[in-house]
Amino acid sequence: MDAPFVFGKIASAENFTDRNDETLRLVQNFKSSVNTIIISPRRWGKSSLVEHASRLASRNNREIRFCMVDLNNVRTEEHFYEYYATAVMRSSFTRAKELLENTTRLLGRFMPSVTFSPGHGTTFSLSMDWKEVMRTPDDILDLPQKIGNERKKKIVVCIDEFQNISAFTDPLGFQKKLRSHWQRHNMVSYCLYGSKRHMMIDVFASPSMPFYKFGDIIFLEKIAAGDWIPYIRRRFSATGKRIGAEDARLITELTDCHPYYVQQLARQAWLRTGTECSRDVIRRAFDDLVLQMSMLFHTLTDSLSNTQVNFLHAMLSGEEKFSAQDTAIKFGLGTPGNVTKIKNALVSREVIDMAGGRPCFLDPVYRAWLARYYFRIAE
Ligand SMILES: Nc1ncnc2c1ncn2[C@@H]1O[C@H](COP(=O)(O)OP(=O)(O)O)[C@@H](O)[C@H]1O
Ligand SMILES: [Mg+2]
């Protein structure tokens, strides 16, 4: 029997839990062409949520079409246009003949050539005169609007890992270009999501930025223990095993309700369970998880500066007033100005998060590893 629980993949169907309010809000935005921005740290469930909501919105609804664009490997503006054009064409035309004809018709200016690689799920790739694309990318940026208009269908363009545009040579110029085109698109709405909260907030919530007031901003939270516990128990019992409510709660406590880790730990615990899971099994599964990550965490810690590591030490020791003189001396944090710099650097490295004004660890397993094996603090 396949083990239940998924991690590192999109959570869907019986593995997608809760998020009812966010799903509803997103489906409504999709149906009424409201732009949406979703912000949360990595692995909290943005991609899963968008996928889930897009599936619901297009069920029994032929008026709406989705185009999924994942900027995961995209680091330059040129690459963006190439990738974007390909994704829009592929989601709009399914048959090879249609794809070919429409590529020539809609993107002819760029002298496109199309390649199909056959096999499981034919892949289609485009090459174009990229100098010309960079000079005037308008036809590519307006592609969804044009297709939507021709087919009289609403199009929702979903762009994942949107924070990657900050690596482009001129991110601000790029944002201005996008915005000036997109604001004229009445057939298309955009759903933009990504991690790096500070960067995303900067782009979407600063009055001086082109994307200010672009759409509905959702700060996605973790999934609450109250939703995880019945889910974990349900998945155990659907596969012929049992776990008590308190033990399911322990899984959420050790992983701090972090969606990816809840699933990973639940799976590990399930694999070690004969028929009845126990606290012991869960604790051992968690210990193993922490140790498995050891290499990675060592590398991460080595890449931090001494004062950054000292700051993490202070956090784990329960300090809260990091700029107070005695704390700064005790842990070697330097001046209050320095403490601000340390925090910013750790936020930017996605080690900590400052939501709510207090620093907290983004990775609960890293936190446990640091406490146990690095600083050797009894928990
Ligand atoms: N709604 C959900 N229900 C159950 N598990 C989820 C849910 N959302 C996310 N997860 C878990 O978290 C992992 C990361 O989710 P993902 O959608 O890839 O996050 P993100 O796009 O924010 O990085 C998934 O592989 C899954 O294990
Ligand atoms: Mg994702």
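Let's start with one pair of residues: Met 68 sits opposite Cys 158, which belongs to strand E5. The model you are looking at is a predicted one.

Met 68 lies in strand E2, which spans residues 64-70. E2 runs parallel to strand E5 (residues 154-160), and seven bridges join the two.

## Two faces of a strand

In a regular strand, side chains alternate between the two faces of the sheet. Which residues of E2 point to the buried face? They are Arg 65, Cys 67 and Val 69.

## Around Cys 158

Leaving aside residues up to four places away in sequence, Cys 158 touches Phe 66, Cys 67, Met 68 and Val 69, along with Val 50, Ser 54 and Cys 191.

Cys 158 also features in the largest nonpolar core, which has 47 residues. Together with Ile 37, Ala 85, Val 157 and Ile 159, Cys 158 is among those that touch the most other members. Helix H3 (residues 77-92) gives this core its largest share, six residues. Another core lies apart from it, with 43 residues that include Ala 248, Val 262, Ala 269 and Ile 352.

## Stepping back

Now for the whole chain: it has 18 helices and nine strands. Its C-alpha atoms fill a box of roughly 65 × 55 × 35 Å along the principal axes. The chain has 379 residues, of which 36% count as buried. Among contacts with a separation of 6 or more, 66% link residues 24 or more positions apart.

Definitions and conventions. Residues are numbered from 1 along each chain as its sequence is written. Chains are lettered from A and ligands numbered from 1 in the order in which they are written. This is a predicted model: local features need pLDDT of at least 70, side-chain atom pairs count only at pLDDT 80 or more; totals for chains, interfaces and linings use all residues. Helices (H or I, at least four residues) and strands (E, at least two) are DSSP runs, numbered from the N terminus. A residue is buried if 20 or more other C-beta atoms lie within 10 Å of its own, exposed if 12 or fewer, and partly exposed in between; C-beta atoms are placed from the backbone. Two residues are in contact if their C-beta atoms, placed from the backbone, lie within 7 Å. Two strands pair if DSSP finds at least two bridges between them. A nonpolar core is a set of buried Ala, Val, Leu, Ile, Met, Phe, Trp, Tyr and Cys residues joined through C-beta atoms within 7 Å.
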